[in-house]
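This briefing goes through the fold, the nonpolar cores, the helix packing and some backbone features of one protein. Please keep the sequence and the structure in view while reading.

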Amino acid sequence: MGSGDNGGCQGSVYSIHLQLTEDERVRVSSTPVHSTEIEVSPYTVTYTDYESTDGGPTGPVTFQLPILYATWPIDKALPEGMEYVVENEIHIPEPLITRAAPGDPIINLNYPLTGRILDYDDELSINIPLAQLTIGVAGYNCEPFTTTLGDFSFMVSLPYFPLHPMAVSATVTVTFLNSGGAWKITGNSTTAPITRTLTATFRTDASGNPIPTQIVIPEDNSQLGEIHRAAHYFYATQNELPKTGLSSGIRIVANPQPDPEYPDARGNFAYSSSNTSRDPYINIYNHGLSDSKVVGTTIHELGHSVHFLNNRSAYTDVPDLLHESFASYSGWYLGEQYYETLGWEKPSGLLTVGMRQPSSDEVDITGQARQDWDETMLSWYSPLFIDLTDGINQNAYFTNARNYLSENVQNVPPSVVWNIISTCTTWGQVRTKMEQTLVPRYCTSTQLDDYLEEYNYWFFVNTGSISR
Ligand SMILES: [Zn+2]
């Protein structure tokens, strides 16, 4: 039994020969053996130049015919009850296209290579089309294609067998670019948008009709899919927040690790307070958080961005609590709205989770709701604007020692919130603007005073002033 040298490749078939009786010859010829030669004449043949598999000479070898020469798939059991000799292990490369029959004429046809780029969302456990991706296909002279909803379509030239229509397949290399015009996702030491190259197999059915291919981008540390989805939703959908951007697109850096200096930061908005004409950019860091938290963080930073770009020179004067409370509002409002469009059902308030801490995932899918803030915290990340819009009054449900806000204000539209924050640079201005725009439509003057009391205390303790 031989196992000949085949150049180090893993073989895919054995070359075998079988000693057959006449009865066996009939039986074997009806089994699915791919025979290369069947000799039925009852004579013998002797080889005198036969070599052993390690190259040395052997004595004369005589084969008694009939012999069936055949190839046999390595991964299939060899025939039982027969005498056979394995002569060699043969490597046969997989053909890209299998011809229907020897001599079958081939023509090239243009097939539409169609498909969809998807990103897996671990919050909802579904694949979501990545809108507004620029995609190219290598090797087919295709122009880059920008998707609207993740769907792409290219013409590729592939062989076709007119006499025997059959399935064809080809492996294509698809490259996509994370750039939406208003934004671009980059690495942390470059301004060039990140690209990913993926391979996909294009197939037709047996009649030659293309089967759309689905490409799910691999989840990696850069969180590309989540950042892309958040930025697209922020800029490309109808909502009440402003879309102020940069002509070159705001740069969003997808950092695969936490920030070495501030390891807890999920992201940050970087701008120059000494030279506000310099373009800002955004960092998103990887903390292994769920996708919806990454989406919430990305929209939070984009909230900072529009706040800054709307009036660069005034931004540095605005207290950090107002910066962070508006950015959190953006991440909360648009992040929840985004997940609702994908089928997430927002719980109908804290009553559904009883007395549990309200920042649990069930009520705060984006991580931006800031419902556990109270006036004794030094944190800038307050629900100052969120509580104007949401339908929850923490003070009514949480009667423990914490000084939860008495917030009998609800349903203030995001456009009204933006109007307040975009025109004010001090806490005093915000208070006045709230009184002008919220009373009496959304609350009474007393209700608003109740609501702002905790914030007055916070500004007094932390800035020493509650001046208008
Ligand atoms: Zn922030």
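The model is predicted. Its secondary structure comes to ten helices and 19 strands. Of the 468 residues of the protein, 30% count as buried. Among contacts with a separation of 6 or more, 69% are between residues 24 or more positions apart.

**Nonpolar cores**

- In soluble globular proteins, nonpolar side chains tend to be buried together.
- The largest nonpolar core has 58 residues, and the members that touch the most others are Ile227, Ile252, Ala254, Ile284, Phe385 and Val417.
- Helix α5 (residues 320-341) supplies the largest share of this core, with ten residues.
- This core lies between domain 2 (109-216) and domain 3 (224-463), because both domains give residues to it.
- Leaving aside residues up to four places away in sequence, Ile227 touches Ile185, Ile252, Ala254, Ile284, Val294 and Thr298.
- There is also a second, separate core of 14 residues, and its members include Tyr111, Leu133, Phe152 and Phe154.

**Packing of α3 and α5**

- Helix α3 (residues 291-310) packs against α5 at an angle of about 130°, and the two axes are 7 Å apart.
- This angle makes α3 oblique to α5.
- The crossing of these two helices, α3 and α5, is right-handed.
- On the α3 side, the residues that meet α5 include Ser292, Val295, Gly296, His300, His304 and His307.
- On the α5 side, the residues that meet α3 include His323, Phe326, Tyr329, Leu334, Tyr338 and Tyr339.

**Packing of α8 and α9**

- The axes of helix α8 (residues 414-423) and helix α9 (residues 427-438) cross at roughly 150° and come within 9 Å.
- Angles over 145 degrees count as roughly antiparallel, so α8 is roughly antiparallel to α9.
- The crossing of α8 and α9 is right-handed.
- Helix α8 makes the contact through Val416, Asn419, Ile420 and Thr423, and α9 through Val430, Lys433, Met434 and Thr437.

**Backbone features in loops**

- Val439 and Pro440 are joined by a cis peptide bond, with omega about 5°.
- Pro440 sits in the loop between α9 and α10 (445-463).
- Gln132 is not a glycine, yet its phi is positive, at about 55°.
- The loop that holds Gln132 runs between β8 (126-129) and β9 (134-137).
- Is Gln132 buried or exposed? Gln132 is buried, because 20 other C-beta atoms lie within 10 Å.
- Asn411 also is not a glycine and has a positive phi, of about 60°.
- Asn411 lies in the loop between α7 (394-397) and α8.
- Is Asn411 buried or exposed? Asn411 has 12 C-beta neighbours inside 10 Å, so it counts as exposed.

Methods
Residues numbered from 1 in each chain as written. Predicted model: local features only at pLDDT ≥ 70, side-chain atom pairs only at ≥ 80, totals over all residues. Core = buried A, V, L, I, M, F, W, Y, C linked by C-beta atoms within 7 Å. Helix = DSSP H or I, 4+ residues; strand = E, 2+ residues; numbered from the N terminus. Domains from an automatic or database assignment. Contact = placed C-beta atoms within 7 Å. Axes fitted to C-alpha atoms, helices over the stretch in contact; angles between N-to-C directions. Parallel < 35°, antiparallel > 145°, perpendicular 65-115°, else oblique. Left-handed = near helix turned anticlockwise from the far one by under 90°.
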